[in-house]
Amino acid sequence: MKLPAGLDKNEERQKELVENWNSRSDEWYAQWDYEALFRELEKDPYIAFPKAIVAVMKEYVPDLKGKKVCVPSCGDSVAVFGFQALGAKVTAADISWKQVENGRKIAEQRGLDITYYCSDSMKLEELADETFDLVYTSNGVHVWIHDLGTMYRNFHRILKENGRYIMFDTHPWSRPFDKKLLGNGEFRIRKPYEETGPFPGETTFDWRIQDFVNSLAVSGFFIERMEEFHSVIADLPNHNYLYEEKDTAYENFDWHKNPSAALPQCLGLICRKISI
């Protein structure tokens with residue numbers, strides 16, 4: 001039986017996504033100096049997370065030793081290694097088998113007890129119900145997800161009662177603006193906020209705040225806290241939307257010189273599982 005056109009399109013998109021990340025994974029991992037990262041993690045495991053998220057992690061999940069943590073769409077595994085350094089029992093998953101292979105290889109080389117699965121974050125079929133104390137996703141996850149509700153329901157499913165989901169990602173308010181400044185240093189609006197997305201047929205999805213909140217609510221999550229925060233120089237480059245490898249990088253953080261620095265670059269949500 002032929003699937004509805006919308007499902008066909010999403011399946012094709014997922015296939016392209018997997019092929020894309022499988023082909024990019026070696027280059028993606030090569031951009032990191034993992035030896036240097038692990039040296040920093042020994043000094044401070046929280047270096048793997050943005051400073052603003054560290055503050056709420058310490059408040060809502062202050063002791064992760066022995067806790068079961070899942071990192072879906074784990075990507076470069078920086079957060080995975082951060083949680084492991086904090087003493088958590090970590091399970092990582094990604095839709096790309098190559099991303100999983102590269103992360104697992106580093107973990108095995110260092111003798112780290114981390115479980116990896118090749119699994120779609122909207123399914124997580126390999127993961128059992130009510131298993132984890134914490135689910136965490138970092139920036140660059142939601143843009144690839146075409147069904148937030150399905151993903152969040154699976155996060156809810158694998159969490160223990162009162163377990164938490166913590167996320168941070170690109171702040172939707174930054175999307176209406178053209179980052180190319182006009183001659184007088186002012187912004188140009190690309191489109192109204194309500195027209196930033198998501199739209200069927202596009203490869204990626206620019207979700208709005210209401211999309212996150214509404215999908216989390218119907219999936220059974222109680223939103224305990226929302227954080228809107230700026231990039232800071234001390235954050236790692238992959239957490240930092242204003243970071244650039246050039247001499248003028250520090251000017252990017254001064255909103256008088258770079259108007260985009262006046263906008264929050266990141267959105268963080270802390271959610272707790274409740275029964276529905």
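1. Contact here means heavy atoms within 4.5 Å. The model is a predicted one, in which local features need pLDDT of at least 70, side-chain atom pairs count only at pLDDT 80 or more, and totals for chains, interfaces and linings use all residues. Residues are numbered from 1 along each chain as its sequence is written, and side-chain values use heavy atoms, with hydrogens and water left out.

2. Leaving aside residues up to four places away in sequence, Pro-72 touches Ala-93, Ser-121, Leu-124, Val-135, Tyr-136, Thr-137 and Phe-155. Pro-72 counts as buried because its relative accessibility is 1% (buried is under 20% relative accessible area, exposed over 50%, partly exposed in between, with a 1.4 Å probe and protein chains only).

3. The largest nonpolar core has 43 residues, and Val-80 is among those that touch the most other members. Such a core is a set of buried Ala, Val, Leu, Ile, Met, Phe, Trp, Tyr and Cys residues joined through side-chain atoms within 4.5 Å. Apart from this core lies another, of 26 residues, including Ala-93 and Val-135.

4. The structure holds 15 aromatic pairs. Rings of Phe, Tyr and Trp (its six-membered ring) pair if their centres lie within 6.5 Å; planes under 30 degrees apart count as stacked, over 60 as edge-to-face and the rest as tilted. Trp-21 and Trp-28 form an edge-to-face pair, at 5.1 Å centre to centre and 85° between the planes. Trp-21 is buried, at 11% relative accessible area, whereas Trp-28 is partly exposed, at 28%.
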